[in-house]
Amino acid sequence: MPEGDSLHRVAALLRPLVGLSVTATSPHPRGLATGVAAAVDGLRLEGVEAVGKHLLLRFEGGVTLRSHLRLGGRWRVGPSGSTRAGRPWLVLRAGGLEATQWNGPVLTLDDGIVRGLGPDLLADATDPAALVPRLRRADPTRPLGEVLQDQRLVAGVGNMWMSEALWAASVSPWLPVGEARDDELLAALQWARAEMRAAVAGQRPGRLVYRRAGRPCRRCGDPIAARGQGDGNRIAYWCAGCQRGPVSGT
Ligand SMILES: [Zn+2]
């Protein structure tokens, strides 16, 4: 699933359309059914913003389009009139450019969910130190790996960056958040923010634990462990040898 850094890259792709009035169509029937194209057709795009894993396109008149890509959704931007194989959910044309949204699966004018999100970890104005008290709002018995992915507390982190950040901070995803020290939480947040922002800028992330189950830890040599965590059962990767905390959840 795309994490916050991917959405920031998509936002940067779409920014050349900002300030222009767009022509909007929905070639795909499921896209058409959202009513989004009809609502934004002819409006000027005023801003594009990534908030956590959501992309917000703000149009004149207070109309906001929200896109969440989940696993299969994509945005592409190219010259207007490019040949396409298949039918995108949404096509926005302006200034000789064409932005296409493929496979939804979330394309809506309802941005209410975004108002319930925590601060975007990658935003310029976000201070990781201010996020530590937010993580403390979670039930102290919840595993740290879950808490770091709770988009209501801090937005943008998924299971890849969670696994990597907690390895970098030497704490286990299974450590109850109430037992994590402030400096450990801050180290994980600062590391994730720096690496995700570097990824937005085009740096390819080096993965040290994610999808490395069974391979030796680069720090201590123990095998990397992997186990589903949380309601979504998304896989957490960690090293029991050098990351502080329980070996795994109960
Ligand atoms: Zn290790």
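Predicted model: local features only at pLDDT ≥ 70, side-chain atom pairs only at ≥ 80, totals over all residues.
**Ground rules.** Local features need pLDDT of at least 70 and side-chain atom pairs 80 or more, while totals for chains, interfaces and linings use all residues. Numbering runs from 1 along each chain as its sequence is written, and side-chain values use heavy atoms, with hydrogens and water left out.

**Zinc.** I looked up the protein donors (N, O and S atoms within 2.8 Å of the metal, or 3.2 Å for Na, K and Ca; water is not among the atoms, so sites may look incomplete). They are the SG atoms of C217, C220, C239 and C242, at 2.2 to 2.3 Å from the zinc ion. Angles among the four donor atoms run from 95 to 118 degrees, and the site is tetrahedral (four donors, all angles between 85 and 135 degrees). In sequence, I read the donor spacing as C-x2-C-x18-C-x2-C.

**Tryptophans.** Next I checked aromatic pairs (Phe, Tyr and Trp rings, six-membered for Trp, with centres within 6.5 Å; planes under 30 degrees apart are stacked, over 60 edge-to-face, the rest tilted). The whole structure has three. One of them is W161 with W191, tilted, with 6.2 Å between centres and 55 degrees between planes. I also noted W174 and W238, whose centres are 5.7 Å apart with planes at 70 degrees, so this pair is edge-to-face. Both W174 and W238 are buried (under 20% relative accessible area, 1.4 Å probe, protein chains only; exposed is over 50%, partly exposed in between).

**One more on W174.** R227 lies over the face of W174, 5.4 Å from the ring centre (CZ of Arg or NZ of Lys within 6 Å of the centre and within 35 degrees of the ring normal).

Methods
Tetrahedral: all angles 85-135°; square planar, octahedral: opposite > 155°, others 65-115°.
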